[in-house]
Amino acid sequence: MNGFRPFPADNAWNQDVSGAPVDPNSDAIINFIGPSIGLHPDFGAGLYVGSSMGIPYSVVGAAQSPVSINFTAYGDESDPGPMPIPANAQIEGYPNPGNGDRHVLVLDNSGCFLYELYSASANNDGSWNAGSAAVWDMENDEQRPWTWTSADAAGLPIFPGLVRYDEVANGKIQHAIRFTLPQSQAAMVPPASHWAATSSNPIAPPMGMNLRLKASYDISGFSANVQVILTALKKYGMIMADNGSAMYLSGAPDDRWDNNDLHNLSQVPASAFEVVQMNPIYTAANVPQGAAPSISSFTASPTSVSSGTQVTLSWQASGASYYVISPQIGAVRGSSVTVTPTQTTTYTLYATNQYGRTQASVTVTVQ
């Protein structure tokens, strides 16, 4: 990453919450979770039952061609693509992904976009199948539309919450950490945009909840590497992003991890944590409402060309936090882009913000 931290400093993943107020229901929520349940590193070195441990990620540059994404479940809440997913992108659980979440995470280090797929599998023609997919502009405070999922149940990006070996080795994690719990209610706390309730208990945690390791918890007895993780949990906390095993911390697989050392995290119980104040909490009764983006124009110049001729697509829009043009282009910034169609093509501009998505199309005729 060369020191790059995804998203602006004021993003929820990057905020110092060490001085934030404690939620009034903190003790009740910790008791609901189970105060004696210890942390568990859901990542490590080597293989377990033939699969790697953790959520991998791939890095691509400008030379990586965008490919089509075919949706198998949540296409109406996904970004349409195309996305620069290489054919050999590592699937969670590689080399034997099995039937788990099968996440695929790809960082474009030229455009500074992050692409994440859930339930992903590669096709022979270079395209990918996915249950859902999301693109994240790592230079902006992007949020999914309210009630929309992402590649994660909470509607959050996955990559910025992973514990990575390189940052631990450098002595500093500068972000919150992704974690899971088995029971959640039908509610969400920003930055989450979606819930996937497994409990009707009103004290069950909502998606997006941040648990912070108490400042008073003594970490001096742990190794230097584990202390880096625990220090981050005191400063940035850990954000609940999915239903899963209790107190499981997410990280990237790396053969340099010391699995025995990582498992010393299990000595840290849930009772050593407190819930950062949750305000607001959104449920079906008070989901925020607002205006989706407005597209006043989406044009092509020229509109009729011979094969291989460059065409400029231009748009005027307001209220969008990010744009995607399909097919061929993918995520874009600015207000214009150049395409070179080889056959008559209808291009669609998708403009998205936290309240929804608006689209407009234009056809370029190839003579």
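Close-up 1. The model is predicted: local features need pLDDT of at least 70, side-chain atom pairs count only at pLDDT 80 or more, and totals for chains, interfaces and linings use all residues. Residues are numbered from 1 along each chain as its sequence is written, and side-chain values use heavy atoms, with hydrogens and water left out. S250 lies in strand β14; helices (H or I, at least four residues) and strands (E, at least two) are DSSP runs, numbered from the N terminus. With a relative accessible area of 3%, S250 is buried (under 20% relative accessible area; exposed is over 50%, and partly exposed in between, with a 1.4 Å probe and protein chains only). Leaving aside residues up to four places away in sequence, S250 touches F43, G161, L162, V163, I177 and R178; contact means heavy atoms within 4.5 Å.

**Close-up 2. The six-stranded sheet.** The strands of this open sheet follow the order β1-β14-β11-β13-β12-β15, with mixed pairing; two strands pair if DSSP finds at least two bridges between them. Axes are lines fitted to C-alpha atoms, for helices over the stretch in contact, and angles run from 0 to 180 degrees between N-to-C directions. Two bridges link β12 (residues 210–213) and β13 (residues 238–243) in the antiparallel sense, and L211 stands opposite M238 in β13. Helix α3 (residues 224–235) packs on the sheet and touches β11, β12, β13, β14 (248–250) and β15. The direction of α3 makes about 120 degrees with that of β12.

**Close-up 3. Helix α1 and its buried face.** S26, I29, I30 and I33 are the buried residues of α1. Viewed down the axis of α1, these buried residues fall within an arc of 100 degrees, so they line one face of the helix; the arc is that of the directions from the helix axis to the C-beta atoms. Their cover includes β11, β12 and β15. The face turned away from the buried side of α1 carries the exposed residues D27 and N31. Just after α1, G34 has a positive phi of about 115 degrees.

**Close-up 4. Strand β19 between two partners.** All five of the five residues of β19 are buried: Y322, V324 and S326 on one side, Y323 and I325 on the other. In a regular strand the side chains alternate between the two faces of the sheet. Five bridges join β19 to the antiparallel strand β22 (residues 345–353), where T352 stands opposite Y322. Three bridges pair β19 with β20 (residues 330–332), also antiparallel, and V324 faces A331 there. The hairpin of β19 and β20 has three residues between the strands. In its turn, Q328 has a positive phi of about 75 degrees.

**Close-up 5. S326 in strand β19.** S326 belongs to β19 (residues 322–326) and counts as buried at 17% relative accessibility. Its side chain reaches the backbone oxygen of G81 at 3.3 Å. Apart from residues up to four places away in sequence, S326 touches G81, P82, T346, Y347, T348 and Y350.

Notes: A polar contact is a pair of N or O atoms within 3.5 Å; within protein, one must be able to donate a hydrogen and the other to accept it, and residues adjacent in sequence count only if both atoms are side-chain atoms.
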